[in-house]
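User: I've just opened this structure and could use a hand. Can we walk through how to read it, one feature at a time?

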Amino acid sequence: MPDVVPPAPVHEETVDGFGTVRIRPLDPYGDAGTVHRWVREERAAFWGMNGLTRDQVADVYAHLDTLDTHHAFLVVKDGEPAALVQTYDPRADRVGECYEVRPGDIGLHLLLAPAGPGGPRPGWTAALLGVVTAHLLTGPDRRRIVVDPDVRNEKAVARFLRQGFTAGPVVVLPEVDLPDVYLPAKTARLAFLHRESGGGR
């Protein structure tokens, strides 16, 4: 059986003193093992996929792959998977019911890979997130990133604020109960990164 060739990167950047970061579309089945290892950890509880099997994780992202408004990407640093990124059009997402969506808005969900054997890496998350946000704000039609971490996920909220995001309101994202997806209601802290504030390079 031939090796599976991963999708081509949509962005590649070398950051001095950090390494080479590539952002490529997630392969729902080829990357399922990696994503499943991450989402089943307790630290990923707010991602909402703790109890899913590997096949269920693959099916979730295979469904996401059929949508024009929601996309998943794997962020790879120096050849090693480093983060899972999901982007979405807020007008086609439940968060769009909770704030005034503007032209040029793009939504972001971020799940970082677990720290390696050496433990936490100072500056690692900031460098990685800097590449992701700069890429998302590339192009004249991209003006602002919105994130909606669970209000209880204080680490994620603090991470975005350190990255230059501006805190927005606390909102309740409504329950989604559809044949292909179920999401319970979530109390979230919105935060925004404007292109003018340095999110894009």
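Analyst: Let's begin with the labels: a helix here is a DSSP run of H or I with at least four residues, a strand is a run of E with at least two, and both are numbered from the N terminus. One example is α4, which is followed by Gly164, a residue with a positive phi, near 105°. Keep in mind that this is a predicted model.

User: What is the mean pLDDT of the protein chain?

Analyst: Here's the general idea: where pLDDT is low, the predicted coordinates should not be read in detail. For this chain the mean is 91, and 95% of the residues reach 70 or more. Going by elements, β6 has the highest mean, 98, while strand β9 (residues 182–183) has the lowest, 78.

User: Back to α4, then. Which of its residues are buried?

Analyst: In α4 (residues 154–162), the buried ones are Ala156, Val157, Arg159 and Phe160. They sit on the same side of α4 because they cover an arc of only 160° around the axis. Glu154, Lys155 and Arg162 are exposed, on the face turned away from that buried side. The cover over the buried residues includes β5, α3, β6 (144–147) and β10 (186–194).

User: What about α2: which residues are buried there?

Analyst: Helix α2 (residues 54–64) buries Val57, Ala58, Tyr61 and Leu64. Their arc is only 120° around the axis, so they too lie on one side of α2. Among the elements covering them are α1, β3 and β4.

User: Last one: how many residues line the second largest pocket?

Analyst: In general, rolling a probe the size of a water molecule over the atoms shows where empty space is left. This pocket holds about 370 Å³ of space. Its lining has 20 residues, with Tyr88, Asp89, Asp105, Ile106 and Arg142 nearest the centre. β3 (70–77), β4 (80–88), β5 (105–112) and α3 (124–136) each give two or more residues to that lining. By type, it splits into seven nonpolar, six polar and seven charged.

Notes: Residues are numbered from 1 along each chain as its sequence is written. This is a predicted model: local features need pLDDT of at least 70, side-chain atom pairs count only at pLDDT 80 or more; totals for chains, interfaces and linings use all residues. Side-chain values use heavy atoms; hydrogens and water are left out. On a 1 Å grid over the protein atoms alone, a cavity is a set of points where a 1.4 Å probe fits but cannot get out, and a pocket is an open set with protein on both sides within 12 Å along at least five of seven lines; lining residues have an atom within 4 Å of a point. Grid points are joined across faces, edges and corners, and a volume is the space filled by probe spheres set on the points. Ala, Val, Leu, Ile, Met, Phe, Trp, Tyr, Cys and Pro count as nonpolar, Asp, Glu, Lys and Arg as charged, and the others, Gly among them, as polar. Buried means under 20% relative accessible area, exposed over 50%, partly exposed in between (1.4 Å probe, protein chains only). The arc is that of the directions from the helix axis to the C-beta atoms. Contact means heavy atoms within 4.5 Å. pLDDT is the predictor's confidence in each residue, from 0 to 100.
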